[in-house]
Amino acid sequence: MSDNKEKKSKSTNLYEVRHFLREKTRQDFGIYLDDVFGYLQDPWVARKTGEAGIKPFRIEWEPGLADGPTNSRLAVVDFNADTGLLVPPAKWDKKQYKFVGPKGEILDAKHSDLYQFHQVNAWAVVQSVLDMFEGPLALGRPIPWGTDGNRLILVPHAGFGENAFYDRRSKALQFYYYGDPASPKYTCLSHDIIVHETGHAILDGIRPYYFLFSSTETAAFHEFVADLSALLAALRNNYLRHVVSDQTQGDLSKDNFVSSLAEEFGAHLSGKAKGKPKEIVGGIAKLRDANNSLKMADIRDGDSPHRCSQVLTGAIYDLLKNIAKGYQGKVNQKFWWATERLIRMALQPLDFCPPVDVRFADYARALARNFELYEPLDSKRREAYAGFIKNIFLERGICDPDSLNAHSLPGEWDVYHDINAISGSRTGAYYFLNDNRKALHIPWNQDLLVSDLYMTNKYGRAGCRLPREVVLEYVWREEFKLDEDRFGPLKGQTAELLCGGTLVLDERGNVLSWQHKPGSQEKQDRDEGEKRLAQLRDHIANHVQDGLVGLRGESEVDILGPWTPPVVADTSSGALRLEIAPHLRDSRVRLGGGSAGLAGKSELDEWGDNKWTIKF
Ligand SMILES: [Zn+2]
């Protein structure tokens, strides 16, 4: 056998058994690709701290790697919509088993100016985040994209603009560059920005209805998961954890590169706001900070989802601080230990969240329930952690202890179904739901959609396997008329209140968790349903009044650019659909004059204390 064939055969064998190998064995046997380099944070941090500069990433070899990079779940397409240029892709060198530049350059720190380095950087970061979410410490299952297809497109140099975003319609993560056009800064080189956008894409894959317009908290939850992903991905990196250990000496309440999000971007905006030509000096610049003390009471009606999200991000950062404090040992070990725990505690509960209209308190309950179920009863830390969980959500005004632990359970099943019949297919699951509508508070007159069905394979403490979960999500829609003047141009349209639930069963069919969002038609929880409906009506009216709703299909709003209204109304299918369009930061475009803004009001973009106007 030739060297190359033998290498491929060995790699394929390792690939087949990779899930059963320990980390040390994986490294020893060379399961990871050589010479995949990227910025641990971004060029600004790299200049400040060489230790946190460009380092190798651990990306597994897999069959079918190709130019781009392209692999099973991602494809880099470096097309610049401003210039119309398509940059040649990083090449997959079959002999060397690595990605190289156009002239065969190794894409390391020496060649970080090459656009092919940028391509590999973005690809490696996105792939490592997907690996984190699919891994057994987190969701323990393959994660679908929210797009139509299984390969997400990455566009590292999409055009000029101070932004980056995930766009479901173009099935892509779009990264822009900004600053001095002669030497621009690239969002595709910012670890936090890449991970943030990947977090949006992943959440859209597992909870696609969160993109439908329902409440500020739901939109903020998207931002929270995106920022939490950036925090966890940074902590998970061995090099960066070392740097942060030195930076904080174990005290995570000190300013550090992990709690600070998007440093280079923050430095740029901050410098701009202060009228300085370039960047701030001293301290750590940032777009947002997880190390904050914001409470729900600080959030005003009409605040942006980004600002609102910081309350929940701050709460989870508090949890991290508390976990780390409880470990006596070397700082770096302590941080690894806390990271591993936080990934389990914060990401696994995502599977318990309702399929629609999630609120911070739903997530808090999911986290508390997940902990209660899976923290071993003999764990020395069980009581202390339960206390932290209670306190962080109480102190931030997210959830009081009574409602935190109030796990609602369905009524008794009217008709028993075997768990294999339920988990075997969506239609099988539907028969089970339909036969048990009363227990699950589902109105008889509504058609019902099984929106997702999957099984998990998660790990708990010390790598022990948790019981396999069967997660069943279902949704129905309650229509209502926008019949008041306050709905402006949307008056007369029919809108929808999304209702549904997430039921988590164990392998025997016992209920582990149930979260549901009632409608106004079922008598068991009519009060709650009517409250939801009234809130949604107000929420729509407020956004129309504030000029934050743009119509899809009209003028510039049709194409998602770096600036787009936060809410997009789509009436193309006959019924009104309101979708949110989250970007890295808010882009409250000036909507006056044109047909884009429904109420014709102009709005200002907000970032911290700085305000400026963006025009198309
Ligand atoms: Zn975002």
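In which loop is the place of Pro69? The views below, taken from a predicted model, begin with that residue.

**View 1. The cis peptide bond between Gly68 and Pro69.** Pro69 has its place in the loop between β2 (54-56) and β3 (74-76). The bond that joins Gly68 to Pro69 is cis, with omega about 0°. Most peptide bonds are trans.

**View 2. Lys171, a residue other than glycine with positive phi.** The phi value of Lys171 is near 55°. This residue is found in the loop between β7 (164-167) and β8 (172-178).

**View 3. Asp357, a residue other than glycine with positive phi.** Phi of Asp357 is near 50°. The loop that holds Asp357 lies between α10 and α11 (360-374). With a relative accessibility of 6%, Asp357 counts as buried, since that class covers values under 20%. Most residues other than glycine have a negative phi.

View 4. Two or more lining residues come from each of α2 (23-28), α4 (115-134), α6 (216-236), α7 (238-248) and α10 (331-347). Helix α4 gives the most, with seven residues.

**View 5. Composition of the lining of the largest pocket.** The lining residues comprise 22 nonpolar, 12 polar and 16 charged. Domain 1 (32-211) and domain 2 (212-407) each supply at least three residues to this lining.

Technical notes:
Residues are numbered from 1 along each chain as its sequence is written. This is a predicted model: local features need pLDDT of at least 70, side-chain atom pairs count only at pLDDT 80 or more; totals for chains, interfaces and linings use all residues. Side-chain values use heavy atoms; hydrogens and water are left out. Helices (H or I, at least four residues) and strands (E, at least two) are DSSP runs, numbered from the N terminus. Ala, Val, Leu, Ile, Met, Phe, Trp, Tyr, Cys and Pro count as nonpolar, Asp, Glu, Lys and Arg as charged, and the others, Gly among them, as polar. Domain bounds come from an automatic or database domain assignment. Buried means under 20% relative accessible area, exposed over 50%, partly exposed in between (1.4 Å probe, protein chains only).
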